[in-house]
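These are my notebook entries on a structure that I examined.

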Amino acid sequence: MREQIEEFNAVENLARKFIEAVKNGNSEIVKPYFYEKASFFGQLNETEYQSGSIQGFYETIDQMGACGDDYTARVDVITLEKTIAVVRVIEDNWHGYKFTDLLIMNKINGEWKIVSKVYDTCLLYTSPSPRD
């Protein structure tokens with residue numbers, strides 16, 4: 001049996017808080033939605049791997065600051081099963097990068113929390129198209 005639509009909305013809204021924090025360069029917006037021992041792992045520029053405590057993610061978005069008006073993002077709820085969810089966040093123009101984040105969530109004591117952030121990224125090239 002499929003979970004109630006309210007559960008899908010809850011994890012989507014949590015991912016939108018993630019986007020809001022990234023867009024505004026303010027980790028305080030999303031900290032309440034991460035499990036205190038959450039981790040992250042990802043590939044930057046197809047060669048450099050980063051991993052560790054979610055504190056590293058907080059520090060990065062705070063240091064980078066707010067994005068420009070050309071930042072865009074979307075949310076896809078990939079799966080939701082009772083107490084687990086996987087949500088994909090696709091972002092363009094985060095300080096010159098494209099990101100794909102997978103937010104792994106667990107429902108802990110009746111509340112959804114992000115327990116892991118896994119990502120892939122590449123530089124967003126803005127060179128003129130051949131038609132220009």
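I took a patch to consist of residues with over 30% relative accessible area and no salt bridge, like charges being joined within 9 Å and nonpolar side chains (Val, Leu, Ile, Met, Phe, Trp, Tyr) within 5 Å. A salt bridge is a side-chain nitrogen of Lys or Arg within 4 Å of a carboxyl oxygen of Asp or Glu. Accessible areas come from the Shrake-Rupley method with a 1.4 Å probe, and for residues only the protein chains shown count as cover.

The model is predicted: local features need pLDDT of at least 70, side-chain atom pairs count only at pLDDT 80 or more, and totals for chains, interfaces and linings use all residues. Residues are numbered from 1 along each chain as its sequence is written, and side-chain values use heavy atoms, with hydrogens and water left out.

Entry 1, surface patch. I found a nonpolar surface patch formed by Phe41, Tyr49, Ile78, Leu102 and Val118, together giving about 450 Å² of accessible area. I located Val118 in strand S6, residues 111-123 (strands are DSSP runs of E, at least two residues, and helices runs of H or I, at least four, numbered from the N terminus). Val118 is partly exposed, at 33% relative accessible area (buried is under 20%, exposed over 50%, partly exposed in between).

In H2, residues 55-64, I listed Phe57, Tyr58 and Ile61 as the buried residues. Viewed down the axis of H2, these fall within an arc of 100° (taken from the directions from the axis to the C-beta atoms), so they line one face of the helix. Just after H2, Gly65 has a positive phi of about 80°.

Definitions and conventions:
Buried < 20%, exposed > 50% of the residue type's maximum accessible area, 1.4 Å probe, protein only.
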